[in-house]
Amino acid sequence: MRDPAETPHAPLVDAFMRRITYLRLSVTDRCDLRCEYCMPERMTFLPKREVLSLEELYDLATGFIARGVTKIRITGGEPLVRRDIIDLFTALGRRLGHDLQELTLTTNGTQLATHAEALARAGVRRVNVSLDTRDRAKFAALTRRDSLPQVLEGIAAAKAAGLKVKLNAVALKGVNGEELPDLIAWAHGEGHDVTLIEVMPMGDVEAERLDQYLPLDDVRAALVQRWTLTESNHATGGPARYVDIADTGGRLGFITPHTNNFCASCNRLRVTATGQLYPCLGGGERVDLRAALRSDNPEGNLAAALDEALRIKPEKHHFRMDARGAEPATVRHMSMTGG
């Protein structure tokens, strides 16, 4: 990976005076699972020629770092299915301790056992692993793949490699609601934090979104009947609000795009594997960074593209979960945008 020369530019501040310090960078839209709330079974993925090279992804990341981004999360799809992805982690890891404060990733865990030690060597200190259930049959039905043993092996390997693991669980009505307390208790017993997430209406998933939607206010009300929850000041740079659970000794986060909108503190931008910057996860606004990178003036055009992204970043998303049969908030699947 080359290290392009950088010229300092103004920090990333949007029209609502929110300072952008956090980049979620997708390296692929491909995934080896087919979670029912994320994508259809017969998913059409991007042609590989449209996806940014690892060198372009690195150059893009350094452009954001030059504008004050201090945290980068590598996402997908499933980032660890991308060939030679550890090379990108290694290159970005060299920025840690200088102008980059944290490098991390979100993964479904299926490939984590293979890569955990290499990620730790590259400078990754914590990972988010998506896990909605520990019931093998339910996992297979939900993801359309019988991969729970590999995921649990990956979580164990990450812990053994010294990585801090946080589990992300999407709360799904009629699927895992009753199981969530046991999942939380198990995770806390293993030393892992947990974040619960409300399902988001993104892309056509061959299911009725309203049938999947379980408000986290309802989940929290049930948990309070079982445990003592205390508000926490803990923050990771993401949208989760945290509580400490005295009974389990662990921390629990809530990401609530519907019941408690979190947009006022948004500090994030998302870039797809094709270099499309989406200022808002739930919006259609976008800026083409790939064109800037491949132009005859990549540094100048990238800076101008980022300025445009800041100008059009909306005040808040417009997710709605109040009407049966409603169109998704965006036709993009989460796997395309990056979680």
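How many salt bridges does the structure hold? The structure holds 15 of them, a salt bridge being a side-chain nitrogen of Lys or Arg within 4 Å of a carboxyl oxygen of Asp or Glu.

1. Basis. This is a predicted model, in which local features need pLDDT of at least 70 and side-chain atom pairs count only at pLDDT 80 or more, while totals for chains, interfaces and linings use all residues. Residues are numbered from 1 along each chain as its sequence is written, and side-chain values use heavy atoms, with hydrogens and water left out.

2. Helix pair. Helix α1 (residues 54-66) and helix α2 (residues 85-93) have axes that come within 10 Å and cross at roughly 30°. Helices (H or I, at least four residues) and strands (E, at least two) are DSSP runs, numbered from the N terminus. Axes are lines fitted to C-alpha atoms, for helices over the stretch in contact, and angles run from 0 to 180 degrees between N-to-C directions. The helices α1 and α2 are therefore roughly parallel to each other, the term covering angles under 35 degrees. Their crossing is right-handed, meaning that the near helix is turned clockwise from the far one by less than a right angle.

3. Helix contact. On α1 the contact is made by L54, L57, Y58 and A61, and on α2 by I85, D87, L88, A91 and L92; contact means heavy atoms within 4.5 Å. These residues divide into eight nonpolar, no polar and one charged. Ala, Val, Leu, Ile, Met, Phe, Trp, Tyr, Cys and Pro count as nonpolar, Asp, Glu, Lys and Arg as charged, and the others, Gly among them, as polar.

4. D14 and R18. A salt bridge joins D14 to R18, with the closest N and O atoms 2.7 Å apart. Both D14 and R18 are buried (under 20% relative accessible area; exposed is over 50%, partly exposed in between; 1.4 Å probe, protein chains only).

5. R251 and D193. In this salt bridge the closest N and O atoms are 3.1 Å apart. The pair links distant parts of the chain, R251 lying in strand β9 (residues 250-255) and D193 in strand β6 (residues 193-198), 58 residues apart. R251 is partly exposed at 22% relative accessible area, whereas D193 is buried at 11%.

6. R220 and E231. Their side chains meet in a salt bridge of 2.4 Å, N to O. R220 belongs to helix α8 (residues 216-224) and E231 to strand β7 (residues 229-231), eleven residues apart. R220 is partly exposed, with a relative accessible area of 26%, and E231 is exposed, with 55%.

7. Network. Salt bridges also link K71, E102 and R126 in a network.

Conventions
Parallel < 35°, antiparallel > 145°, perpendicular 65-115°, else oblique.
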